[in-house]
Amino acid sequence: NALNGAYAGLRSLGCYGRDWPVIGDVQADNEFIESRNAGRYLAQYNYSVTVTDGVVSESWGNAYTVIQRANQVIDASFTDKTATAAEIAAIKAQAYGIRGLVYFKLVNMFAKPYTVDPNSLGVPITLHYTPGATPTRNTVGEVYTQIVSDLKKGFQDGPAYSDGSHLSKYAMEGLLARAYLYM
């Protein structure tokens, strides 16, 4: 159930449910803003995003909610006697994959590219469920190191492909290849 909560967070409007796919297209030449637009994504379209932008705030908050949910799964000690060690490892592997995926998206949205300056400020890394924490920003290089670590752990014990709604070990391997490409 906790893992399902992490997956549900990815579907939120501030993540893959709307904003992340749209922002990339709006900032490229794949979409345009009509005059009838209600005002959404104008800052992204004009490359004039400020710290008070609601789309950015929602994306940031939803991303860290997903990360905290994944952290809870990773840190959980399973006492359910009906789950095998392999099933528990597969559950945790998916949580590592989710965390790696979200950090990959965050560092690419809110930091300089790795190839420009891996020592520049990236995003905060939180590896344990810590409500109310205010971590400092890690470097882009540190975030990529965490992404690679998470995706390798996810690939190691991840489940084989079963359906398009869960991360398989092959999806995590693809994400790992993409992270290496960006590096």
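Helices (H or I, at least four residues) and strands (E, at least two) are DSSP runs, numbered from the N terminus.

**View 1. Elements of the protein chain in the predicted model.** The secondary structure of the protein chain comes to 7 helices and 0 strands, and from the N terminus on its elements run α-α-α-α-α-α-α. The radius of gyration, taken over C-alpha atoms, is 17 Å, close to the 16 Å that the globule rule gives for 183 residues, so the protein chain is as compact as a globular protein of that length; the globule rule is 2.2 Å times the number of residues to the power 0.38. Residues are numbered from 1 along each chain as its sequence is written, and side-chain values use heavy atoms, with hydrogens and water left out. Because the model is predicted, local features need pLDDT of at least 70 and side-chain atom pairs count only at pLDDT 80 or more, whereas totals for chains, interfaces and linings use all residues.

**View 2. Q94 in helix α5.** Q94 is found in helix α5, which covers residues 85–110. With a relative accessibility of 8%, Q94 counts as buried, a term that means under 20% relative accessible area (1.4 Å probe, protein chains only). Of the 183 residues of the protein chain, 37% count as buried.

**View 3. The surroundings of Q94.** The side chains of Q94 and Y7 are joined by a polar contact of 2.6 Å, that is, a pair of N or O atoms within 3.5 Å, of which, within protein, one must be able to donate a hydrogen and the other to accept it, while residues adjacent in sequence count only if both atoms are side-chain atoms. Leaving aside residues up to four places away in sequence, Q94 touches L3, Y7, P159, H166, L167 and M172, where contact means heavy atoms within 4.5 Å.

Definitions and conventions:
Buried < 20%, exposed > 50% of the residue type's maximum accessible area, 1.4 Å probe, protein only.
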